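The tour has two stops.

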Amino acid sequence: MIPHKTPLILQKLYPDLIWKKTEKVYLTFDDGPIPEVTDFVIKTLNDFKIKATFFCIGDNVQKHPDVFQRVISEGHSVGNHTMHHVNGWQTTNDLYLKEVKDCDEVIRSNHSSTTKKLFRPPYGRIRRSVIGELNSEFDIIMWTALSKDYDQSISPEKCLEETLKATEPGSIVLFHDSLKARKNLEYVLPRYLEAIYDRFEFDKL
């Protein structure tokens, strides 16, 4: 069972990955951009004047360039989440690196940025050999607090409770702007932000 709070031992086993930062809380959203759900996230973040980081699937950027452009225009940062959300433990290195490259090209064709590129492996699954290949070009971002909003067996109330408990200064918090997560996300995100807004400062990666 995947815990809401990433175990310290896992962070120590993969020190080349970025698990947490310092002091502030960093909200991240995986699997978009898609209409309505990503739009809901942006509106909710705007309500609290918070900037976040969106790890985008290249195929979704191609399908919904207008939603992707809204993420950019609202001042959020974006990262690479592969072209088709592939599993790094079930994909050859060559194919996996091509998925990252293809997604990067789609993002760069829709957004020019001078900042270092961000990458998050789908499912958090990535081989050590691939980490070595990508680390010179990307900051590989993991997380310390997992909302599990995608898990249909978890009630929205439980999702909110556990995500709040897992959040601390420096946390990289993972939500999903996806259809699977929509029910929990729409309940949790505004209540989560309302509960912790006065306790932490927020920033994008």
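For the first stop, the angle classes matter: under 35 degrees counts as roughly parallel, over 145 as roughly antiparallel, 65 to 115 as roughly perpendicular, and the rest as oblique. The model is a predicted one.

Select residues 156-166, which are helix 7, and residues 182-196, which are helix 8. Their axes lie 9 Å apart and the packing angle is about 40°, so helix 7 and helix 8 are oblique to each other. The crossing of these two helices is right-handed. Now show side chains at the contact. Helix 7 contributes Pro-156, Glu-157, Cys-159, Leu-160, Thr-163 and Leu-164. From helix 8 come Lys-183, Asn-184, Tyr-187, Val-188, Arg-191, Tyr-192, Ala-195 and Ile-196. Coloured by class, this contact shows 9 nonpolar, 2 polar and 3 charged residues.

Next, move to helix 4 and select residues 65-73. Which residues of helix 4 are buried? They are Val-67, Phe-68, Val-71 and Ile-72. Turn the view to look down the axis of helix 4: the buried residues fall within an arc of 145°, so they line one face of the helix. As a general point, an α-helix has 3.6 residues a turn, so residues three or four places apart point the same way. Asp-66 and Ser-73, on the other side of helix 4, are exposed.

Finish at Gly-75, which follows helix 4 and has a positive phi, near 90°.

Note on methods. Residues are numbered from 1 along each chain as its sequence is written. This is a predicted model: local features need pLDDT of at least 70, side-chain atom pairs count only at pLDDT 80 or more; totals for chains, interfaces and linings use all residues. Side-chain values use heavy atoms; hydrogens and water are left out. Axes are lines fitted to C-alpha atoms, for helices over the stretch in contact, and angles run from 0 to 180 degrees between N-to-C directions. Helices (H or I, at least four residues) and strands (E, at least two) are DSSP runs, numbered from the N terminus. A crossing is left-handed if the near helix is turned anticlockwise from the far one by less than a right angle, and right-handed if clockwise. Contact means heavy atoms within 4.5 Å. Ala, Val, Leu, Ile, Met, Phe, Trp, Tyr, Cys and Pro count as nonpolar, Asp, Glu, Lys and Arg as charged, and the others, Gly among them, as polar. Buried means under 20% relative accessible area, exposed over 50%, partly exposed in between (1.4 Å probe, protein chains only). The arc is that of the directions from the helix axis to the C-beta atoms.
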